[in-house]
Amino acid sequence: MRFALTAAVSLFALAACSPESDAPETEAPETERSQAQDQLESDAASEEGAAAATETAEPGAEPDFSDIEGNDFEEASHGWSYEGEGGPENWGSLGADYATCDTGSEQSPVDLVSTDMAAQNTPDINWTPASSATVADTGHTIVVMVEDAGGLTLGETRYELVQFHFHAGSEHTIDGEQYPLEVHFVHASEAGELAVVGMMFEEGAASSALSGVWASLPEGEGETDLDVALDPNAFLPEDDAIWRYEGSLTTPPCSEGVAWTVFQTPITAAGEQIEDFTARYDDNYRPVQPLNARSLREGDAG
Ligand SMILES: [Zn+2]
């Protein structure tokens, strides 16, 4: 079967972006399929949000996360996509539960520019090699779900790293410039709060961290276990300068209250590595959103 239920119950809820409602048929028995499908739909309801949803939930239990609480998971994905009728400009009208995509005033991504405002809180990142990792092609992105991979502390709050995933081109821009690829490390606190760490890729030296992930990609949509050791620290740029701001999920339902950190120094990937991703997804990014009353702040990650 394509989606192993035991892992999928917790792991797929962590997926950044899920298969759309017309997602691949699974070969699972009916009961497993419907549960797995519930999870898939639920993570469709929330890019990074669903991550928190089941972080504290028992497998099979209804996720306890306000963004998706009460949602009818069967209808939650509303066929959102990155182009056409389901595209970003229409997300807010695809369903009442996606309205924040239109009405929100603290949306992500944003254009990142230099500022002299210092961040009051900067993340203290202490990732560790994951005890296990699974790579999935969800139909909206490639996501790597990790276990026991450390996390970060921001202010008084502890967040655990639950997954990372990719967007091409980048979602955030720097001084208006879009990069070919962006990775989002999604962290969830025990209370279901989210903190995401983003990094831009530019073309350059091959990324050893990326090659391990790409080598484990499933053939089509589905998931595979990562067969190499995964240490998320291998992604970190040497320069720890960051931007901080308060934003949202970058996929429906565009829920706000997400603590964003984006590294200022791009990391590199070989052109071929970037193409390995864009061969699957070459436009899975949401355009930048207005900053409105928010402040961008700068600092150094710990
Ligand atoms: Zn993302």
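Predicted model: local features only at pLDDT ≥ 70, side-chain atom pairs only at ≥ 80, totals over all residues.
## Strand β10 and its partners

With β9 (181-189) the sense is antiparallel, and 8 bridges link β9 to β10 (194-203). L181 is placed opposite F201 in β10. The hairpin formed by β9 and β10 has 4 residues between the strands, and G192 in this hairpin has a positive phi near 95 degrees. Of the 10 residues of β10, 8 are buried, so the strand is largely enclosed by the rest of the structure.

## The nonpolar core

The largest nonpolar core contains 61 residues, and V144, V146, L181 and V196 have the most contacts inside it. β10 gives the most to this core, with 7 residues. Both domain 1 (5-101) and domain 2 (105-300) give residues to the core, so the core lies between them.

L181 was named above both for its place opposite F201 and for its contacts in the core. Leaving aside residues up to four places away in sequence, L181 touches F166, A168, S170, F201, A269, I274 and F277. Two of these residues, I274 and F277, are buried residues of helix α7.

## Helix α7

Helix α7 spans residues 271-278, and its buried residues are Q273, I274 and F277. Viewed down the helix axis, these residues fall within an arc of 100 degrees, so they line one face of α7. G271 and E272 are exposed on the other side of the helix.

Several elements cover the buried residues of α7, including the strands β4 (142-147), β6 (157-167), β9, β10 and β14 (267-269). Helix α6 (208-214) is also part of this cover.

## A three-stranded open sheet

An open sheet of 3 strands has the order β1-β7-β8, and its pairing is mixed. β1 (111-112) and β8 (177-178) are at the edges with a single partner strand each, so one side of each has no neighbour in the sheet. Strand β7 (residues 173-174) runs parallel to β1, and 2 bridges join them. L112 is the residue that stands opposite I174 in β7.

The loop between β7 and β8 holds D175. Phi of D175 is near 50 degrees, a positive value in a residue other than glycine. D175 is exposed, with 8 other C-beta atoms within 10 Å.

## Backbone exceptions

Most residues other than glycine have a negative phi, and most peptide bonds are trans. The peptide bond from A168 to G169 is cis, with omega near -10 degrees. G169 is in the loop between β6 and β7, and A168 is among the residues that L181 touches.

A further cis peptide bond runs from P252 to P253, with omega near 10 degrees. P253 lies in the loop between β12 (241-248) and β13. C254 is also placed in the loop between β12 and β13, and its phi is near 60 degrees, a positive value in a residue other than glycine. C254 is buried, with 29 other C-beta atoms within 10 Å, whereas D175 is exposed. The cut-offs behind these two assignments are 20 or more such atoms for a buried residue and 12 or fewer for an exposed one.

## The chain as a whole

The protein chain has 7 helices and 15 strands. Of its 302 residues, 49% count as buried. Among contacts in the chain with a separation of 6 or more, 71% are between residues 24 or more positions apart.

Notes: Residues numbered from 1 in each chain as written. Pairing = 2+ DSSP bridges. Arc of directions from axis to C-beta. Contact = placed C-beta atoms within 7 Å. Core = buried A, V, L, I, M, F, W, Y, C linked by C-beta atoms within 7 Å. Domains from an automatic or database assignment.
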